Amino acid sequence: MTDIVIDTGVRLTPDQVGDLFLFEHLTEEQLAWVTERAWVAEASAGETLLREGDPAEVFLLLLDGEIRLCQRVGRDEVEVNRSSTVGAYAGAMRAFVRDETAQRYTVSVHVVQDARVLVMRAATLVELMQTWFPMALHLLDGMFIGMRNSQERVGRREQLLALGALSAGLTHELNNPAAAAVRATAGLRERVGTMRHKLAKLADDQIDRDVLRLLVETQEEAVTLAAKAPDLTALEASEREDELSDWMDERGVTSGWQLAPIFAAAGTSNSCLARIQGGVPAEMLEPALHWLASALETETLLTEITDSVTRISTLVGAAKQYSHMDRTPYERVDIHLGLKSTLMLMAGKAEGIQIVKELDRDLPPVPVYPAEVNQVWTNLIDNALQAMNGEGTLTVRSCRDNDFVKVEICDTGPGVPPELQLKIFQPFFTTKPVGQGSGLGLDISYRIVVERHGGDLTVSSVPGDTRFIVRLPLTERGP
């Protein structure tokens with residue numbers, strides 16, 4: 001790499017400086033000022049004049065030869081421009097913009113054909129602009145800073161919108177199991193009261209100790225069977241209920257039509273009922289069956305409450321995993337945890353969508369900022385769901401790609417037209433109707449993946465198959 005920051009002592013004449021289009025309207029005094037402070041440097045083909053990411057120390061203009069400008073995109077370096085035009089410039093072009101952070105080169109400059117360049121220090125460019133073009137400097141300064149501030153504000157708004165969408169989905173998902181738990185609790189209270197009533201009725205009949213022991217043992221057996229009972233189809237359930245109802249009708253149980261669905265759903269066998277019949281007096285058979293049915297309903301309600309509360313706990317855990325509460329900002333994590341928690345929190349928006357997960361369970365932990373990467377999953381999955389409009393298949397796929405982990409978010413929506421695929425990662429570009437998108441979701445995702453993590457974010461799209469492909473490096477980035 002050429003040490004471009006060292007003054008070679010080689011100078012152009014004022015007339016030669018004036019021939020460069022950036023300086024063509026300067027006075028003789030100004031041209032002489034530039035001549036004293038700018039030097040000529042030479043570089044051979046294949047050398048690098050400036051490297052992306054290095055401190056922006058110099059501003060350079062091409063005098064002859066050919067250069068190409070490149071930017072890093074993930075693990076690749078992509079050529080963004082090539083020029084042999086005399087006066088083409090690169091380097092510390094925004095040195096005059098007020099910025100609290102040290103500015104760095106945004107591109108690498110490589111020499112294609114042996115070249116000569118005019119080099120000026122960044123501080124010299126700032127002095128030139130402040131002294132000769134103060135009004136232009138204020139306008140450019142305001143434009144750059146205003147654009148950056150607007151982008152940051154809208155970016156925060158985009159984050160809040162994504163958080164709001166997740167909050168709405170989480171609320172929707174929490175409401176269902178919470179309501180189910182409330183209903184089950186009310187039903188449980190009623191069944192427990194019924195069991196107390198039936199037990200009191202059995203006691204009024206002066207139930208024998210051995211009979212009571214039989215009822216308790218039979219109840220335990222029925223409850224155990226209920227926990228393992230297979231789900232029946234509508235036809236199977238109807239046939240089983242008819243069979244049980246007929247059995248009870250034959251033995252004089254008048255409420256068999258009420259008890260049969262309970263016993264059928266719990267998988268209660270005929271032998272279990274026959275055991276009760278053989279151990280209790282005939283007049284106690286119906287109260288005993290009601291008592292057993294109440295016990296089975298109680299067990300069913302307890303299972304429903306347990307499932308509902310577990311669902312709530314799982315959703316809260318997913319929300320915590322998504323936000324990474326109490327976690328360090330940069331760590332190695334299982335990338336699938338963030339994907340799963342995002343899918344769970346967005347389940348409310350995925351109604352009617354088939355979700356397919358093709359995840360490589362052998363992937364190693366990935367060094368990331370988890371909350372930021374989860375925002376990427378949110379943006380990509382939300383866009384995919386909106387594109388399918390309630391009908392289609394969302395596929396989340398992961399695999400290893402050399403020293404990277406590759407994650408694909410795929411949808412079967414109408415796709416992104418080829419002419420728009422080059423623009424969708426640009427700030428403020430959106431294909432959504434006015435008011436439905438700020439155009440920063442994909443820009444934010446791109447910056448998180450590429451700039452923050454040194455990865456890559458690309459899109460491949462045809463109608464019915466759109467894939468956003470995220471590559472994250474498995475090696476930790478340096479400070």
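The following dialogue explains how to read several features of this predicted model.

Visitor: What percentage of the residues in the chain is buried?

Guide: A residue is buried under 20% relative accessible area, exposed over 50% and partly exposed in between, with a 1.4 Å probe and protein chains only. Of the 479 residues in the chain, 43% are buried. The accessible surface, by the Shrake-Rupley method with a 1.4 Å probe, comes to about 25400 Å², and 52% of this belongs to carbon and sulfur atoms.

Visitor: What share of the contacts joins residues at least 24 apart?

Guide: Contact means heavy atoms within 4.5 Å. Among contacts between residues at least 6 apart in sequence, 77% join residues at least 24 apart.

Visitor: At what angle do helix 10 and helix 11 pack?

Guide: Axes are lines fitted to C-alpha atoms, for helices over the stretch in contact, and angles run from 0 to 180 degrees between N-to-C directions. Helix 10 (residues 335–345) and helix 11 (residues 370–388) pack at about 45°, their axes 9 Å apart. Angles under 35 degrees count as roughly parallel, over 145 as roughly antiparallel, 65 to 115 as roughly perpendicular and the rest as oblique; helix 10 and helix 11 are therefore oblique to each other.

Visitor: Which residues in helix 10 and helix 11 meet?

Guide: Ile335, Gly338, Leu339, Thr342 and Leu343 in helix 10 meet Val373, Asn374, Trp377, Thr378 and Ile381 in helix 11. The residues of this contact divide into six nonpolar, four polar and no charged, where Ala, Val, Leu, Ile, Met, Phe, Trp, Tyr, Cys and Pro count as nonpolar, Asp, Glu, Lys and Arg as charged, and the others, Gly among them, as polar. As a general idea, an α-helix has 3.6 residues a turn, so residues three or four places apart point the same way.

Visitor: How do the axes of helix 11 and helix 13 cross?

Guide: The axes of helix 11 and helix 13 (residues 441–452) come within 9 Å and cross at roughly 140°. Helix 11 and helix 13 are therefore oblique to each other. The residues of their contact divide into seven nonpolar, five polar and two charged.

Visitor: Is Met248 buried or exposed?

Guide: Met248, in helix 6 (residues 234–250), counts as buried because its relative accessibility is 0%. Leaving aside neighbours within four places in sequence, Met248 is in contact with Val253, Gly256, Leu259, Ala260, Phe263 and Leu289. In helix 7 (residues 256–265), the buried residues include Gly256, Leu259, Ala260 and Phe263.

Visitor: Which residues does Thr35 touch?

Guide: Thr35 is found in helix 2 (residues 28–37) and counts as buried at 11% relative accessibility. Not counting residues up to four places away in sequence, Thr35 touches Arg11, Leu12, Thr13, Pro14 and Val17.

Definitions and conventions
Residues are numbered from 1 along each chain as its sequence is written. This is a predicted model: local features need pLDDT of at least 70, side-chain atom pairs count only at pLDDT 80 or more; totals for chains, interfaces and linings use all residues. Side-chain values use heavy atoms; hydrogens and water are left out. Helices (H or I, at least four residues) and strands (E, at least two) are DSSP runs, numbered from the N terminus.
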